[in-house]
Amino acid sequence: MVGYTETMTDPSYKGQILCFTYPSIGNYGVPSMDNLDEFGLPRYFESDRIQTNGIIVNNLSNVSSHWTCVRTLDQWMYDERIPGITNVDTRELTKKIRSHGVMSGKLMMEGSEDLIEDKFEYDSYNFMPEVSISEPKLYGDRNNDLKVVLIDTGTKFSIIRNLLKLGFSVVRLPWNATLKDILDYNPVGVVISNGPGDPIICKQTISTASEIIENSIPTLGICLGNQILALASGAKTHKLKFGHRGQNKSCIDLDSKVTLITSQNHGYGIDSDSLQNTDFEIWFKNIDDNTVEGIQHKNKPIIAVQFHPEASPGPDDCLYVFEKFKELVKKAGIESS
Amino acid sequence: MYLLPITRSFVEQVIERERPDSIMLSFGGQTALNCGVDLYDNDILKKYNIDVLNTSIEGIKLTEDRQKFKDAMLKSNVPVLDSATAYSYEEALKISKKIGFPVIIRVAYTLGGRGGGVAYNEYDLQEIVQRGLSLSMVHQVLIEKYVGEWKQIEYEVMRDFEGNNVIICNMENVLGMKVHTGDNIVVAPSQTLNNKEYHMLRDAALRATSYCGINGECNIQFGLNPLSEEYCAIEINARLSRSSALASKATGYPLAYMAAKIGLGYTLPELVNKITKVTSACFEPALDYMVVKMPRWDFRKFEMVKRKLGSAMKSVGEVMAIGKSFEEVIQKAIRMCEIGKDGLVCNIGDEEPVILGKEHLEDVTSYTETAIIEKIEYSLIYPDDEIIFNVVKAIKFGMSIEHISRLSSIDPWFLAKIKNVIDKEEQLKKANLNLSLLREAKKLGFSDKQIGRCWSLNEDQVRELRNKLGILPVIKQIDTLAAEWPAKTNYLYLTYNGIIDDITFAKNQMNKAIIVLGAGPYRIGSSVEFDWATVNMVYGLRNNNIDDLAIINCNPETVSTDYDVPDRLYFEEMTLERVLDIYQKENPKGLVACVGGQSANNLVSRLNKHNVNILGTSSLDVDSAEDRSKFSKLLDDLGIKQPPWKIFTSLEESKNFALQEGYPVLVRPSYVLSGAAMKVVWSEKQLEQFVMEASSVSPDYPIVISKFLEDASEVEVDAIGSQEKIVIGSIIEHIDNAGIHSGDAMMCIPPWRLNRETMDTLIDYSLKIGGALNVKGPLNIQYLVKNNEVYVIEANVRASRSMPFVSKFYDLNLIELASKAILDKKLPDINNEHWLKKSGFGIKVPQFSFMQLEGADIMLGVEMQSTGEVACFGNTFYDALSKSYLAAGYSLPTHGSALITIGGIRNKEKLSPIVSLISAMGFKILATEHTAEFFKKSGFESIELVHKISEPDRQPNILNLLTDRKINFIINVPSTSTIEKYVGMLDDEYQIRRKSVEMGIPVLTTVESTVSFVKTLEWIKTNKPTVRPVDEY
């Protein structure tokens, strides 16, 4: 019910039509992209444009009310030329998707000519050129000793935001950055971001990731980044029959044994058995279907989570993942010096 | 199971007997929590080595003590409003000046915001603070900055001892901070918060409740500035609350059940989601629908009551509507309230000019537009029970959404949604029989009745049209996970915002299902007793091998709406339209309408017309009981007496009748403008006044007048009828004389004054009436007994208010018997005098809410005013009565002073022996002028003269004595001719009654209640009430 502006601008949703289960969407309208936080990042968006290719809702709110609102959801989508459909029995659609798994779909005007190709190969499509940055970009102080490289496989602004909050400067590099590209910045750590599609498509990122692991560079993987680190270590990933999407997913932290509510959006997951032949162990687990929701290296400062610790949208229960990353960075720094 | 007052002394005695090792305090509302704290503070828990399960007393105290709460919030980095605690008025004034008016006064340790209020100036402050200090268990009030224009947002938190915590539901109060959440229109989930605000408050909720060490469930309320991210925590209820009940029904997450498990030591991840049965209970439900809770007020029952809504709760019940759009749910909720409205618009009476209140009979042109605007604006700034309709009026009048929002503090989103409904109404009226409009209107929650009014069709014609076009609602499930997991849930609602039913029924064959209609919202006259009946009917039918049972009800406070009670729960409107919608889908064996009180019963004949198979007494026979003329004929045929009565369409005729039968007479108009719907009048002048001013009489609106029998006692019979026989549950004797509504009367089983002959007559009549009405199921008959003559008042062919009481006392479940009767099974052999052989007594005493209803007069009459009841059992009459009094909140003083003001010579004479008893017991007797004079003449020398509140200069004055708590109880019996209250007269006595209610001092207003109260005081002086479980009586 909350978070449509964040969700729709999340690059992980590239190539997808989103169906909202909550019936009334658009209630608080859309804030201004110019409403920036203390780091100069848009406060209510996860990238600079709508990333989803379309949305399906039961009841588009024709009125919007909020002190931050500058336009209605409808207007925003029109401005960005993104289609949507309302008045749909979204519960029935959800049940269909639940029983058949994620499927292809298209939005068409009644009576209009069908110009869209029938088959869109989501699984084999490489979204990276579309969602990743093309040139390196620096956030925060250039001279900051605590500099991390963020490999942008479709990052959300909130990942950058949370790193900046902890005192890091962030160098955002394209998805196909090499180890050398990274080391040029002399970072204290690396973060591999979230992103859309099948992780095995990101071959370059995977190979960079294996070099990172080899070099024991403190690393945090998030969502797609989690899968990339797993693949880099020799584990396997697979497409989930029922993807995890929502702000209410319960995961247990196997270190503290506390169950937390996480924000998730992943259609692929790590094979838990395949981890046995690697140096990673399970850190977080979904308490309902036992899917792997986070891994940590047995002896290197490398951690990764499948959910979104940066939330946005969703609960902030797991912000401590970023803090843990900072601790690993610090510890590695002390050991190396 | 013990039926006892929830007080320290009684609970300690139960502990002494039972020796439990632990106690749960969070499930019995504020009453249980207060009692638990009391037990703890007096070292009783320590003495018996009892563990408190769920949140510890220390945690409870953090949330209950205002200062401690504030400190705890600040320590958990959650902002609170500028505030300070005060123990005196002077202190309160100093604080208020520092914070700046307006301020809100909250009272520590009370129920439902009791005694609090908003003060705009020093005058308000003095009144509220003084009342608050006297009500607070710890004589403490909190003065706080008032933020009425802020949003009021609530979160329901589950937390276990290992620190796992989740938010089950968040809720938004449509009327913002201005109005107590119990009186607010509440929507779940929140509708106008964005992601940042939602999670900012969610994080704060988890921080705050972790700090307080919540174990189990709690509710936290926040204020949120509508124009920024500024927020503050208002309060935490460290227990299951009304909001928790609502949240449970809104999400399908059984909060109390889970909290109990956590109390026993389970962790949240260990527990399983009761709906999916496979996923964990440690999760946050996802809703793919929205719900609206709408309060039900009953101000009409009270004279002089202030209807303004504010920080003290005044509603008596609530409903919850489920749907997919705000327009749909708000219109559903309005219908569910059963207040004579069919939705936001298209109601009867809407066509009249837009003016407020009852002035619509006056000449419209006498109003200038400014006056109307001012009136509308006032109604928006100071909301009362009509707020939502006043918003509609304002919009129709052309006021802008922004302006309305500014005045009412209602978020523009809600207002714009309401405007959508108004716009649709206009379109409907312009375009006759437009089918796409029909579809759209249904999606916005319009009922067939509303649409029919726009198109000059009746409800049935619209229904027919819809059926023909296939415009039908769909059944959707509530599954806690928005369809993400396959869930076999039986928790259902209907909506037009969907195309496919979530569940399917076998086609073209009659199912074996039985639908049981619930009782709708709690209100005065219909409360938990009918929910008890609904649930027991379901259990009864199940015990008789009916294994496919559906309930329709819309009250979130009930057990019948627990989805695990029936096989299918329809959380739905109990309107003809919706019941038929469900009936068509279900195609069941039949429908039971005799356990849901009058709401369900009223549908019987209309359902019957639509070929619904009514199980139980036939529609025809129900009509014979309900239709006054038919019932009267039936009594005549049986040779049974009733007080003379007649229907009139003009005042003149009715005057003649009253003259002929003699005053007093009971008047029942069929159309009432304001105030009570029934009245006893004592003179022609009063009759004229009541008929002409408060109601109307015409061929369209006839009035019924019956002879009112003075000094008659009132008796009821609860029974169950079946094909072959009628089983008498009990004869129930009222302790109060006739003239007090049966719902407000104290009752005793078995009867304690009636003679054998009268009882025989009552049984004989009951069997005859039951037989003549062919009753199949529950039956309740009300009688008057005067000079050993028995008269019938009315017969109800449905479950009665007293049936749970009777069933529990005799350990004979009457509704279980009724379920057999409905299925045409044989009833067991039960002697029709079984109730006579029972030793001991059960006494039921009403519970009133006058304290919360500012201004309401406590005088009882023929209109019911109580909002609840208690019942205790005892070895003797006074054993039972003393406990019932204590349970209903009366104090039973053993010494001190009694104030006596009695009107009329007859009453004074009647009460003379009681006054001497009071005096003999050692009470000091205070009396007002005339009363004192009378009793002095009769030889009571020691009477002390006190002066009226209206003469503040004369000392000693009643007001001071009350405020200083120098009066322990009050006997205030007005003269007989004023037994029915009316405004203006006897203002002084009204003042006394009102003040004493506010001070929590018992007031006795009738001769009979005085006698029983004083005799109870006498009894308790030398006796101790028994403490035994129910089955030992």
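A: Happy to! This is a predicted model, where local features need pLDDT of at least 70, side-chain atom pairs count only at pLDDT 80 or more, and totals for chains, interfaces and linings use all residues. Residues are numbered from 1 along each chain as its sequence is written, with chains lettered from A and ligands numbered from 1 in the order in which they are written.

Q: How many residues does the contact take from chain A and chain B?
A: Chain A supplies 37 residues and chain B 45 residues. Two residues are in contact if their C-beta atoms, placed from the backbone, lie within 7 Å.

Q: Which element gives the most on the side of chain A that touches chain B?
A: That is α3(A), with five residues. Helices (H or I, at least four residues) and strands (E, at least two) are DSSP runs, numbered from the N terminus.

Q: New topic: what domains is chain A divided into?
A: Domain 1 covers 4-100 and domain 2 covers 131-336; the bounds come from an automatic or database domain assignment. Their centres, taken over C-alpha atoms, are 25 Å apart, and the contact uses 16 residues from domain 1 of chain A and 17 residues from domain 2 of chain A.

Q: And in chain B, which residues of α19(B) meet α29(B)?
A: A533(B), N536(B), M537(B), G540(B), L541(B) and N543(B) do, and they meet I815(B), E816(B), A818(B) and S819(B) in α29(B).
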